[in-house]
Amino acid sequence: MRDAAPAPAPAPAPAPAAAAAPPQQSAEPSKPAPDNPPADIQPFTLDAAIQRALDADPQIRAGLESVHQAEADLMTAGLPPNPTLSTGGSLMPLNRRFTVTRQGGPPQFDAGAAFPIDWFLFGKRAAAVMAAEKSVDVAAAGFSDLVRQRIAGTISAFYDVLEAQATLQLAREDMNNLSELEKITANRVELGGVGTVELDRVRLSIFSSRREVRAREVALEGALSRLRAFLGYTDAAALKIQGSLDIAKLPQPLSSEAAFAVAEENRPDLIALRRQVTQAEANVQLEERKAYPEVTPRVGYTRQFQEKAVGFPDASSWGVGVDMSVPLFDRNQGNIAKARSIQTQSELNLNAQLVALRAEIDQAVKAYDSAYQVLTTDDPGQLDAARNVRDKIRAAYELGGKTLMEVLDAQRTYRETYRLHIAARSNYWHSFYGLNAALGKQVLR
């Protein structure tokens with residue numbers, strides 16, 4: 001069942017630590033981030049998150065009960081019918097006693113047992129067991145598909161948290177850099193190198209940066225809440241996520257045809273639909289078997305109390321018989337027609353899913369190929385270059401060699417470059433695991 005789920009990420013290097021809190025300044029410092037859990041909390045790696053989801057996700061646990069219910073139906077279908085026992089008295093005196101001179105009756109006591117045999121005679125039980133077995137197969141495949149989707153959702157939520165953490169770190173770093181720039185500008189204003197308008201511009205940028213930090217904190221909390229739902233937490237439990245967006249290697253993209261062939265063979269939802277077709281065929285046979293008559297042999301014992309009623313000794317006797325329905329009008333025509341319609345419907349649903357799968361696989365392959373191309377053509381030194389330009393221009397501004405607009409422009413360029421860096425790696429991991437989930441098997445490693 002694990003093959004149907006996406007694979008965990010390779011253990012990457014730890015993410016860079018968040019920048020230190022800004023020094024005391026005229027503008028109000030940012031509030032402490034709410035995403036720092038207590039130090040004694042066990043960190044969640046991707047493997048640990050997947051295992052926790054498998055153990056505690058209420059949707060997975062509820063889906064497993066569908067398999068148990070199908071197994072219970074199979075148990076019921078395999079049980080033979082119960083025999084029936086009957087007992088009673090007849091020819092009992094009503095308004096007078098029976099005597100030899102005034103004979104009546106004689107009263108008698110009857111006991112009998114009956115046991116239907118049409119379930120064996122016409123193969124009704126065998127057909128019911130076959131249909132129930134197919135139902136168990138369908139439920140198992142459906143549960144595997146639920147696990148596939150929930151694990152894929154857990155992985156997506158996990159990387160959403162990593163992306164939110166990275167963008168929050170970037171926002172805090174940007175605010176720290178603007179805070180340093182405010183101190184530099186304030187010193188230059190005191191020395192008369194620049195006017196107070198430049199200090200006002202820096203402070204406006206700090207206010208915008210602080211709003212960005214708060215927005216990123218909200219986004220991180222939303223990502224954590226989504227992950228908690230997959231992990232089965234019912235409260236706002238503190239989570240410590242351990243992982244990175246760094247990429248160790250880039251597997252080659254797949255062709256759409258090769259990916260579709262793998263998915264067609266391994267996707268649990270397709271397997272479930274194929275099994276539904278088989279189950280529908282078994283249900284048609286079951287309904288056709290039910291059209292046969294009900295046959296119930298019976299055997300009975302009779303005790304006649306004759307001595308007082310007619311003057312003869314009491315006597316015991318036995319008898320046999322067969323009760324059988326006559327399928328003259330009701331030959332289960334409606335249920336047979338319904339079962340055949342369900343079979344046709346199952347075949348059409350399978351064809352429709354194959355059409356939808358083709359579109360899903362094409363989209364997943366293109367998404368991974370796009371992420372792959374972005375990373376292979378990305379200049380690994382671009383981020384360092386943007387950081388160096390920012391730092392050098394800020395140093396030159398401190399010495400009076402650059403303008404404030406040049407410093408802010410370099411800061412903005414670094415921020416956008418870093419944001420693209422984060423987004424590219426997050427998109428890669430989402431498309432990597434999204435393609436594995438679409439295939440129903442870990443192909444990209």
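Start with the lining of the second largest pocket: eight nonpolar residues, three polar and four charged. Here Ala, Val, Leu, Ile, Met, Phe, Trp, Tyr, Cys and Pro count as nonpolar, Asp, Glu, Lys and Arg as charged, and the others, Gly among them, as polar. This is a predicted model, where local features need pLDDT of at least 70, side-chain atom pairs count only at pLDDT 80 or more, and totals for chains, interfaces and linings use all residues. Residues are numbered from 1 along each chain as its sequence is written, and side-chain values use heavy atoms, with hydrogens and water left out.

The volume is about 320 Å³, taken as the space filled by probe spheres set on grid points joined across faces, edges and corners. On a 1 Å grid over the protein atoms alone, a pocket is an open set of points with protein on both sides within 12 Å along at least five of seven lines; a cavity is a set where a 1.4 Å probe fits but cannot get out; lining residues have an atom within 4 Å of a point.

Now colour α9 (333–377), α10 (382–398) and α11 (404–439). Each supplies at least two lining residues. α11 gives the most, with five. Helices (H or I, at least four residues) and strands (E, at least two) are DSSP runs, numbered from the N terminus.

**The cavity**

Next, select Asn-177, Leu-178, Leu-181, Arg-390, Arg-394, Val-407 and Gln-411, which line the largest cavity. Its space is about 50 Å³. α4 brings the largest share of this lining, three residues.

**The rings**

Go to Phe-122 and Tyr-292. Their ring centres are 4.8 Å apart and their planes at 15°, so the pair is stacked. Rings of Phe, Tyr and Trp (its six-membered ring) pair if their centres lie within 6.5 Å; planes under 30 degrees apart are stacked, over 60 edge-to-face, the rest tilted. Phe-122 lies in the loop between α3 (118–121) and α4 (124–191), and Tyr-292 in the loop between α7 (268–290) and β3 (295–304), so the pair ties together parts 170 residues apart in sequence.

Move to Phe-158 and Tyr-159. This pair is edge-to-face, 5.7 Å centre to centre with 75° between the planes.
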